[in-house]
Amino acid sequence: METTTPASISTLHESSPPFLLYRRSEASDIPKIRRLIDGGENSNQSLARTLQRRYGNDYDIEQLIHSSPLCIVATDKADTQVFGFIAYSFVPPAYVTTKPILNEDGKSQDISKISIGSWDSWLQTIYSFKDVKVHNTAFIAFLCTEPDHSVVFLETALTTAFQIMTNVKFICYFLPDSLILFPPLSSPRHQTFHHSNADNTIPDTVDTVSKHSANTKIGDRIDRRRHRTMHKGAKYFTEIPILSSNVAFSLHVCHRQELLPTFRVRKARVEDCDDLIPMLRKQNLLKEKHVDYFLAGLVESKSEGTKTLVAEADGQIIGFMSINRDFNQKRLINSYELEVFDDLKKDTTPFQTKSALQTPDSTQTENFSNQNISSSDYSLQLPTKQTAQQSAETKEASLNAFCIDILCIEHYYASYSAEFLRGAFLMFKAREYCLISLPPNTPEIKLLAQFSTVQAKNDSVSPHNLYIANRFGLGDLVDVRTGKTSDLVHINALTQGLKNQSEIMMAIEQILRLGETTLVVYVVEILSQIVGVVVLKICLDPQQIIDQYQVEMFTSLKQSPVNGKPIIIEHMIINPLFEVQSRWILQEIMRQAECPCLLYLVDTTKKTDFATQRLTKYELVPVKRRRMIQYPDNLRDGIPVPSPLPFNLQIITPSIVLEQRISINSRIVVIGESNVGIAFLEKLVYSTHLKFTHLTLISTQKKGWEEFSQYFPTARCYTKLELKQIALDYYVRVVYERAKELDRESKLIKLGNGQMIQYDYLVLCPGLQFNVSKLDVSLSELGGVFSMNKSNIEDIQRAIKLFNAELESLAVIFGRSVQAYATVEMMLNSGVSPSRIVLVDPTIPSKATCFNNPAVEKRVFDHLEKIGVKHYQGYRIYKWGVNETTAPRSISGIVLLNRQTNDPIRLPMVDFLLYADERSVDNATFKLINESSLVFDGRLVIDQHFLTNDPFIFGAGSVTKYASRYNTHWSHIHYDSKEIGTKLANIVLQIFDPTIQPQELVDYENLPEFKYAKKCEAMLPGSNYYITFDRPHLPGQLELERNNPASYGRDLVIDTDKLGYFSIHMDTQGYITSITYIGTHSIPIENILCLYGLHEKYLNRLVARFDEGIITDFVKFLNEPWALPLYHDRFPQFVRSSREEGMAEQSDEMKAIIAQLEHHVQVFKQVTTMYHFAEGWLMDGYQDSMIATNALQYKPSQCDEQERAVLYKLFDQSPDRKKWDAKVFEFMFDTGVFHSYP
């Protein structure tokens, strides 16, 4: 079976460097391409001047990379130097259309807008080029190469372009009439490669042209083909005759057939078996002992239901296909959603299309030869009414499909798979559908680009993925044009049966009849029949989208402004028969609308627009959300900042059209809707070049708990807005049910409702839960006793209402967690009187509480005392009473016991108990893990790669612990959940991502390193907002550090009744490692979280200003305009790139500064190593160690004030200072932190 293995293009030759690596160009290549053009420091700028004569003075490399559908660069292996760059365009390049063309009468003709119209007709009036069409022609917009590698680069770039742009037959180049054709365009074809043991590698699809992909080579057959087909002196380009004398450019064309082999499909013959057997065995398609007899029997079969085809390229067999029209139709119908395809029968007319299709020209017929099926002879047409009626009368409800049993095609020729499919349809002329079924772990094949995915039914147990193709989608490409009033009747028929038809038709009527100016409608047409409609909305202000989504990852809206252009997809309806042409349709719309991209805002609340969402989910790419800056008073330069968009954003650009994402069909199931699971799925969903089609999340959280989410402390990984913008439920199948059983051998999960879910890889990350049975099992069985979990919130709320109806009983909240204190706030907001609430915290008063901060503890405890909530600290539940008169039996009073003095406190009126103490693995999760024989030792045991003892089951989050062989106290509970999920996804991606060099998961002693801050956010009694974050640390580690002032660092604290408590902790080097706030005022928390890991110097000399008494309010100080750029999500990248550039290009002054700083860095590293050694020693109980004590008292080397002043002066006087200022201004301008600058 042909598989998709992304491969970079490697061309070996004798000149230096030893080989070139070809890939898609990126924004990071712009400086290297400019160096190629400028020719370096010793260049005379001759190349730059030559390029200006060829492409005009206004060419912009950045604009070309962002706007061109395909740009290719050739680099050295280290990716430090560019040796060639080429940009393609689907329309005549700008350097042509910006010049006026003279008519026959000598008058100037403005053709600046010709690219959005029928430019092929315009081209035919000027040049003798009748075969040119909009869909079969591309242009070279820019070409620049290093002379020594120009011919090799052009050969590879042209061949790659033809393989990627499968519909393109011609690549054209406009040459100014004042110039002559130049090398390499005028050079003889490249005929051989210098390395005898090396092959030219050319990718078969765009997804193979990847910067990080591995090399894949093709056989010597490619070189032999070139020698065989190339005549002596053959050139890449030939000049097209000019029809008009007043033309400023000559047109040169490169033909597909000159570079790629002639592809031919025919019936298989017995004598082909000798060539087929090695091919099939190489790809492990046939493993039978007597494969030669099996294959010969298959080829010689006289059965009308089985056919075999072979594909030839330049006379050599390079592919084989076996098709069959007899299969279990009923089983497929029961397992897959085939209703839209008439259940593969002929007796209906789905989607109001077949019966309405017009009769084609009688001269257009299918040509078929028993001995040869040539793609040039193939022409599929829409069926006539007469044919459909005759078929219904003679074969009522007959099977209307065939399936592919075997497909094998050499990797290099995979882009020709569509020709194979056309040949298959000609073998079964009466059938309209072709099916292919693949196991879930099968790598995606190129043929699937012509197929649509058929969704499996929820109760399906079929392990395979089903794909379907229709013969009408393989014919000529559809036409796209703007809508007309006369189209309304046909559009109404097209949308018949859609739940939102009235909404769609109302929008279209407003455009076509009422002249609505904010919407534009395009119709898709073939043979004068409308088979699709797309409604676009004009974008009036793209800044809101730029501010909230990382659109710059795909295109530059500043390079290509979209103000006033229709770029937002409102509705997209396409006949299922032509859905395989969706990308061509979108490409044409972008061309005609002159848009650099199309966007779709996914509103998951619009449940009726399934047709649009299904298409956009498959064709468009999700865009990551952007962390928004929280501006003071929500004003940027005095202008209100638009509200956040609670939608997911998808995008498609011309380059994405040619870069089909690789579908990963493996079934990945996640158990547990924890932050770890969400982060893991988010990483997979937002992969730029992979599309995971079978992601499932099994969640035990009941819908509706979000109403009370403010009463559950969070790790501040995802807000409600972030979850809406990520929209995981749009890309992931979410099942709200508990996993009951796990069958590892069959890879099956049985849910509580009896449903079975299959998996290929399973991730266990349910998190820990409060479990009152940890106190006593019999207590957990009583009525009125609840564990404070999200899954119980509805029952708890009902119990609170009943509790409020009583007047004398008490409610006890037991726990030492932040959740216990947040539960008090929930009870107060639910109308419970403070005098009826008892909070029992088992923490001994001399020990640190969950807040780990005496100032915070005092604030919380004082408020509890002030409002009258009884607070018992250092007590445990000793006994409880049982009310036997209720059903079920309920709690009736408890006895508390002091953990230090054993003094009892009796609370006889308690009939409501909420448990929020220590979290543990809940009983259902333990049963699931234990009964499936996964290693469990208080927690699910994993290794450093997140793997359990089953290689197909991963574990992550607080439910896990590292295996004992690692001899560590660390576990995932001490780290940020989002970082854990992301690192797990990075490991899983190594399994599926062909652009990542696969690495064996070798077990070694080093555990993964986690750096993100561990956060906690809660709403505490008195409506006090509490937020804290700190670097990862073990329990008790902070107390140890506080006892050693020399290594502890420093706390900056502002604590007032009006402002609340705000503390910033910095380490000994001045880096912020922790911030804590509690107060009744709202603070810009998104901004505050960005400060983690920043040096205080970034904060406008925070320490010095605090010591001088200038700062009296941290929130106000950190909200000043100078601080806002720090909160942009691109600021960390700006800092890294600035540091790298500063280290790479150094003036004498910078070298002196860096040399001085390196001395302090080395001393700091030595001290840090000594400190961590001593810290670990003390935590293991060696408090009396003299070595450890001395190490902790050692003070790291730092620059004194005088030395620091000298370093500042050196930098201020260096030429690097101006470069730095320019770079800062560029960052401010690009990010748009402010709309205006002084």
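**View A. What lines the second largest pocket, by residue class.** Sorted by class, the lining has 22 nonpolar, 13 polar and 10 charged residues; here Ala, Val, Leu, Ile, Met, Phe, Trp, Tyr, Cys and Pro count as nonpolar, Asp, Glu, Lys and Arg as charged, and the others, Gly among them, as polar. This is a predicted model, where local features need pLDDT of at least 70, side-chain atom pairs count only at pLDDT 80 or more, and totals for chains, interfaces and linings use all residues. Residues are numbered from 1 along each chain as its sequence is written, and side-chain values use heavy atoms, with hydrogens and water left out. The pocket holds about 1,200 Å³ of space, and among its 45 lining residues, Gln63, Ser67, Ser89, Val91 and Ala94 lie nearest the centre. On a 1 Å grid over the protein atoms alone, a pocket is an open set of points with protein on both sides within 12 Å along at least five of seven lines, a cavity is a set where a 1.4 Å probe fits but cannot get out, and lining residues have an atom within 4 Å of a point. α17 gives the largest share of this lining, 5 residues.

**View B. Helix α17, residues 582-593.** Helices (H or I, at least four residues) and strands (E, at least two) are DSSP runs, numbered from the N terminus. All set for burial: 12 of the 12 residues of α17 are buried, meaning under 20% relative accessible area with a 1.4 Å probe, protein chains only. Trp584 and Arg591 are among them. Just past the helix, glutamate 594 takes a positive phi of about 55 degrees.

**View C. The largest cavity.** About 60 Å³ of space lies here, in one of 6 cavities of 30 Å³ or more found across the whole structure. Its lining includes Phe341, Gln450, Asn470 and Val580. Strand β18 (residues 465-470) supplies the largest share, 3 residues. By class, you get 6 nonpolar, 4 polar and no charged residues.

**View D. An open sheet of 3 strands.** The order is β33-β34-β35, with antiparallel pairing; two strands pair if DSSP finds at least two bridges between them. β33 (739-743) and β35 (756-758) are the edge strands with a single partner each, so one side of each has no neighbour in the sheet. β34 (residues 748-751) and β35 pair over 3 bridges, and leucine 748 stands opposite glutamine 758 in β35.

Notes
Grid points are joined across faces, edges and corners, and a volume is the space filled by probe spheres set on the points. Buried means under 20% relative accessible area, exposed over 50%, partly exposed in between (1.4 Å probe, protein chains only).
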